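Hello,

Here is the structure we spoke about, with notes on what turned up in it. Please read the notes with the model open.

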Amino acid sequence: MNRTRPLVIVGAFSASVVIGLVLMLWAFGGLRNAAAPAGIGGPFQLTDQSGQTVTEKNLLGRPTLIFFGFTHCPDVCPTSLFEMSEVLRAMGKDADRVNAYFISVDPERDTRAAMKDYLSSFDPHVKGLTGTPDQVAKVIADYRVYAHKVPLKDGDYTMDHTALIYLMDRNGKFVSPFNLNRKPEEAAADLKHYL
């Protein structure tokens with residue numbers, strides 16, 4: 001019987017358990033000082049609902065929450081934006097020291113006017129960003145967002161997309177997905193650590 005084979009199997013299993021635990025801790029905020037995976041974010045140029053140009057430089061100096069979605073989204077987007085709005089409300093005046101962006105994955109329909117109308121139902125700190133299809137495709141790729149147009153039977157379409165909120169630090173670097181599955185006051189307290 002070959003004695004090294006069981007050792008190799010045990011070693012491989014142990015290594016995979018350790019890697020899995022480290023990834024879980026990082027994803028759930030247990031490794032705050034650990035480096036985030038490289039390659040999330042980058043240069044972009046989009047336009048907000050009031051016509052102002054927004055680039056990656058606007059992220060500097062403040063923590064930033066970024067959510068990718070679309071205005072015709074039936075449930076995930078309005079729920080996430082409501083929850084983000086509740087966190088900003090719970091922050092009080094400190095909300096003025098945070099960037100909050102809703103970036104469209106559907107530039108075909110999400111014009112500045114559509115974004116302005118849609119965001120009127122949420123906290124005024126949330127800015128909607130859109131652009132040309134090429135500009136939006138670039139930011140989607142740079143943030144490693146999944147977005148795919150899905151045709152509907154009536155000739156219309158919907159969008160499948162990544163449904164998480166990105167937390168970026170004051171230097172514009174990705175920290176982790178921002179957890180909204182808790183009381184707004186708890187999430188606000190967590191966000192204040194990055195001010």
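Leaving aside neighbours within four places in sequence, serine 80 is in contact with Phe67, Ile165 and Leu180. Serine 80 belongs to helix H2, which covers residues 76-91. Its relative accessibility is 11%, so serine 80 counts as buried.

Confidence

Bear in mind that this is a predicted model. The average pLDDT of the protein is 87, and 81% of the residues score at least 70. Residues 7-18 have a pLDDT below 50, and beyond near neighbours in sequence this stretch has 0 contacts in the model. Where pLDDT is low, the predicted coordinates should not be read in detail.

The sheet

An open sheet is formed by 7 strands with mixed pairing, in the order E2-E1-E5-E4-E3-E8-E9. Its edges are strand E2 (53-55) and strand E9 (174-177); each has a single partner strand, so one side of each is left without a neighbour in the sheet. From one strand to the next, the twist averages 35°.

Two of the pairings in this sheet can be described in more detail. Strand E1 (residues 45-48) and strand E5 (residues 126-130) run antiparallel and are joined by 2 bridges. Tyrosine 166 has proline 177, in E9, as its bridge partner. E8 and E9 form a hairpin with 5 residues between them, and glycine 172 in the turn has a positive phi of about 80°.

Which strands does helix H4 lie across? Helix H4 (residues 133-142) lies across E1, strand E3 (64-69), strand E4 (99-104) and E5, and runs at about 110° to E1. Val136, Val139, Ile140 and Asp142 are buried in H4. The buried residues of H4 pack against E1, E3, E4, E5 and E6.

Arginine 144 is found in the loop between H4 and E6. Although arginine 144 is not a glycine, its phi is positive, at about 55°. With 54% relative accessibility, arginine 144 counts as exposed.

The E6-E7 hairpin

E6 and strand E7 (residues 157-161) run antiparallel and are joined by 5 bridges. Lysine 149 has methionine 159, in E7, as its bridge partner. The hairpin of E6 and E7 has 5 residues between the strands, and there glycine 155 takes a positive phi near 95°.

Tyrosine 157 has charged groups over its ring. The charged end of arginine 109 sits over the ring of tyrosine 157 at 3.7 Å from its centre. Lysine 149 also places its charged end over the ring of tyrosine 157, at 4.3 Å from the centre.

Aromatic pairs

How many aromatic pairs does the structure hold? There are 7 aromatic pairs. In one of them, the ring centres of phenylalanine 68 and tyrosine 143 are 5.7 Å apart and the planes are at 50°, so the pair is tilted. Phenylalanine 68 lies in strand E3, while tyrosine 143 lies in the loop between H4 and strand E6 (147-151), so the pair ties together parts that are 75 residues apart in sequence. Phenylalanine 68 and tyrosine 143 are buried.

Tyrosine 118 and phenylalanine 122 form another tilted pair, with 5.6 Å centre to centre and 55° between the planes. Are these two residues buried or exposed? Tyrosine 118 has 14% relative accessibility and therefore counts as buried. Phenylalanine 122, at 15% relative accessibility, counts as buried. Ring pairs link Phe67, Phe102, Tyr118 and Phe122 into a cluster.

Regards

Methods
Residues are numbered from 1 along each chain as its sequence is written. This is a predicted model: local features need pLDDT of at least 70, side-chain atom pairs count only at pLDDT 80 or more; totals for chains, interfaces and linings use all residues. Side-chain values use heavy atoms; hydrogens and water are left out. Two strands pair if DSSP finds at least two bridges between them. Helices (H or I, at least four residues) and strands (E, at least two) are DSSP runs, numbered from the N terminus. Axes are lines fitted to C-alpha atoms, for helices over the stretch in contact, and angles run from 0 to 180 degrees between N-to-C directions. Contact means heavy atoms within 4.5 Å. Buried means under 20% relative accessible area, exposed over 50%, partly exposed in between (1.4 Å probe, protein chains only). Rings of Phe, Tyr and Trp (its six-membered ring) pair if their centres lie within 6.5 Å; planes under 30 degrees apart count as stacked, over 60 as edge-to-face and the rest as tilted. A charge sits over a ring if NZ of Lys or CZ of Arg is within 6 Å of the ring centre and within 35 degrees of the ring normal. pLDDT is the predictor's confidence in each residue, from 0 to 100.
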